[in-house]
Amino acid sequence: MEFLRDIGTSLLASALFLVLVWAFSKTARRLIRGLAAHLLHLDVEEVFANSRDAAHDIKRELGRAREVSVLTGRGSELQRELFEDLFLRCRARRSRCRIVLPKLDVRAGEPDWITDREEEIQVFDSAFGAGLLRRQIAATYDYLAPLTVEGHLEARGYGVPHIGRIIATERVVYLTPYSADRHGRNSPVIKYRRGETYDVLLRLIEKLWVGGPA
């Protein structure tokens with residue numbers, strides 16, 4: 001009985017240790033998720049709770065990237081420190097970044113996806129609903145305009161639903177699925193290594209880039 005009690009105590013202590021590690025160590029959680037993904041042959045490398053948690057990792061990947069493709073909504077993250085170093089390299093013609101933003105002008109009869117997304121946001125953020133999102137996207141275009149270097153840093157428009165943010169490098173891709181009940185910055189960020197998901201998301205950007213107006 002004493003032997004069984006010792007085993008039970010040891011197992012309980014081990015379980016408690018794992019719970020504490022899980023609760024307090026982001027690094028441990030990432031290692032466990034990465035190991036699970038590897039064992040299950042998944043191409044998910046990491047899952048972050050939101051954009052803030054993912055920012056350091058994204059900046060590190062952007063810091064070593066030569067080719068970057070971005071599909072985003074309002075694009076406010078493009079005006080922050082996260083992309084500063086990449087844009088400097090692009091302007092020095094040492095890297096390339098293609099940015100796909102929502103197109104501002106909508107032809108008669110076409111869906112207005114900016115209005116569609118703003119109507120979703122308005123439900124949980126009363127600051128929206130009177131064209132604020134369109135003005136924010138226009139501000140992103142204005143911010144990028146003087147930074148543009150043909151073949152190295154360019155932006156084009158797309159006319160599809162705002163269902164997520166994609167940041168892709170040669171090595172990985174980050175997907176932030178947009179939800180109808182929260183801002184994109186509060187949504188989980190999924191990091192994929194090269195694989196089927198990477199190929200599909202990069203192909204989407206390629207198609208929108210070819211079809212989007214400069």
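What share of the 214 residues in the protein is buried? I got 38% of the 214 residues, taking buried as under 20% relative accessible area, exposed as over 50% and partly exposed as in between, with a 1.4 Å probe and protein chains only.

**Ground rules.** I noted that this is a predicted model, where local features need pLDDT of at least 70 and side-chain atom pairs count only at pLDDT 80 or more, while totals for chains, interfaces and linings use all residues. Residues are numbered from 1 along each chain as its sequence is written, and side-chain values use heavy atoms, with hydrogens and water left out.

**Overall.** I found seven helices and seven strands in the protein; these are DSSP runs numbered from the N terminus, with helices being H or I of at least four residues and strands being E of at least two. From the N terminus on, the order reads α-α-β-α-β-α-β-α-α-β-β-β-β-α. Then I checked contacts, meaning heavy atoms within 4.5 Å. Of those between residues at least 6 apart in sequence, 68% join residues at least 24 apart.

**The sheet.** In what order do the seven strands lie? I read β1-β7-β6-β5-β2-β3-β4, an open sheet with mixed pairing; two strands pair if DSSP finds at least two bridges between them. β1 (44-48) and β4 (153-158) each have a single partner strand, so one side of each has no neighbour in the sheet. The twist averages 15° from one strand to the next.

I then zoomed in on β2 (67-71). Four of the five residues of β2 are buried. β2 runs parallel to β3 (residues 96-102), and five bridges join the two. I picked out two bridge partners in β3: C97 for V68 and I99 for V70. As a reminder to myself, strands of a sheet pair through backbone hydrogen bonds, either parallel or antiparallel.

**Helix α3.** Which strands does α3 (residues 51-63) lie across? I listed β1, β2, β5 (164-168), β6 (172-177) and β7 (189-193), with α3 running at about 30° to β7. Axes are lines fitted to C-alpha atoms, for helices over the stretch in contact, and angles run from 0 to 180 degrees between N-to-C directions.

The axes of α3 and α4 come within 9 Å and cross at roughly 5°. That is why I wrote them down as roughly parallel; the cut-offs are under 35 degrees for roughly parallel, over 145 for roughly antiparallel, 65 to 115 for roughly perpendicular and oblique for the rest. The contact is made by A55, I58, K59, L62 and G63 of α3 and by E81, L82, F83, D85, L86 and R89 of α4. By class I have six nonpolar, one polar and four charged residues there. Nonpolar covers Ala, Val, Leu, Ile, Met, Phe, Trp, Tyr, Cys and Pro, charged covers Asp, Glu, Lys and Arg, and polar covers the others, Gly among them.

**The loop between β2 and α4.** L78 lies in this loop and counts as buried because its relative accessibility is 0%. Beyond four places in sequence, L78 touches V70, T72, F83, F87, I99, L101, T140, Y143 and L144. T140 is 62 residues away along the chain, yet the two C-alpha atoms are separated by 7.6 Å.

E77 is in the loop too. Is E77 buried or exposed? It is buried, with a relative accessible area of 7%. Setting aside neighbours within four places, I found E77 in contact with T72, L82, F83 and R165.

**Helices α5 and α6.** α5 (residues 113-124) and α6 (residues 132-144) pack at about 120°, axes 8 Å apart, and are therefore oblique to each other. I114, T115, R117, E118 and I121 of α5 meet L132, L133, R134 and I137 of α6. I noted five nonpolar, one polar and three charged residues in this contact.

I ended on L133 in α6, buried at 2% relative accessibility. Leaving out residues up to four places away, L133 touches R74, I114, R117, E118, I121 and F128. L133 and R117 are 16 residues apart in sequence and 8.4 Å apart in space, C-alpha to C-alpha.
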